[in-house]
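My entries follow the display.

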Amino acid sequence: MHEIAALYLCWAPAGAATVSRFLKSYHAHPAGASHRLYVILNGYTGGQQDLLDVINASRCSVITTPWSMVDLAAYRWAANYVKEKYICPLSAYARILCDGWLGKLRDALALPGVGLVGATGSWESHYTDRALWCQRANHYFGLQEVFADYPTWPNPHIRTTACLLEREHWLDPVMWAPFDAVPVQSLTIEFDIKNPPGEVHRMTKSDALLMESGYNSLTQCMTKRGLRSLVVGRGGAFEVEDWGRSWTFRDGTQDNLIVADNQTDAWTVMSAEEKAYHRAITWDALSLLQPYDKMLIEGETAWGRVKVS
């Protein structure tokens, strides 16, 4: 049996062209590691024969979600089906750029003390982004609530658009507990998928953002386990302090990128001014903040909040 399950998320409303673009890139670039490709058919409500034709022609395994899910929940659903030791989530807009892409991820994950690797990572903080918005609007309504959920900048986290980790780590009940209305053990593939239990919490986009970059993010969970998270480019792996110089995400021409997505694609068409701003909020957010706002993101706020650890 293959050791890696590559889980491509097919978001049905995006149409056949999106999945066709991914599959074309997948077949054009040998993965460099033994794996099985699964297509997660998510948000499918019937029809769309062109979409089904594209998927069937790929001869991959298909896992259909019982209802429309946010991406991380769909990966979790699929992870309950597969038996491979490792999973590699790939977003709906993923596009493979080089040969050996999965082998590079696998080799980096095999390094001592590494628990998570990804094609891209970011230091961006939703809290600091909110502080910047408040700075421009000249008010701070809502900032306190955001502070409770997100670390301030820098907030290193692997982006889940293309990453690799052990399946058991992805299914860790501790990581999912904040997003479940019932114990994680009860969310299995054994219940009737046509009539899912109503008490099961359906993960929202806000939940997904928290899981990727909040205090209990996937990356934070790895850190609590004593494991490192690395960004992997064409030329090798990068420790967290070097992510902003890896030329993979919002950096230069992103020439070191192994798997693109809609955000990396957006970077390529930004103006110089837009690139400067997005690079700053990702890798140098303090340069954009006024002195009072710098004080805010350090937790010394006007409302006397205590920084969450």
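Before anything else I wrote down the term: a salt bridge is a side-chain nitrogen of Lys or Arg within 4 Å of a carboxyl oxygen of Asp or Glu. With that in hand, I found that Arg21, Arg95 and Asp265 are linked in a network of salt bridges.

I noted the ground rules next. This is a predicted model, in which local features need pLDDT of at least 70 and side-chain atom pairs count only at pLDDT 80 or more, while totals for chains, interfaces and linings use all residues. Residues are numbered from 1 along each chain as its sequence is written, and side-chain values use heavy atoms, with hydrogens and water left out.

I searched the whole structure and got 10 salt bridges.

I looked at one pair from the network. In the salt bridge of Arg95 with Asp265, the closest N and O atoms are 3.0 Å apart. This pair links distant parts of the chain, 170 residues apart: Arg95 lies in strand S5 (residues 95–96) and Asp265 in helix H11 (residues 262–268). I recorded that helices (H or I, at least four residues) and strands (E, at least two) are DSSP runs, numbered from the N terminus.

I then checked accessibility. Buried means under 20% relative accessible area, exposed over 50%, and partly exposed in between (1.4 Å probe, protein chains only). Arg95 counts as partly exposed because its relative accessibility is 22%. Asp265, at 21%, is also partly exposed.

I looked up another pair, Asp242 and Arg245, whose side chains form a salt bridge at 2.5 Å, N to O. Asp242 is partly exposed at 25%, whereas Arg245 is exposed at 58%.
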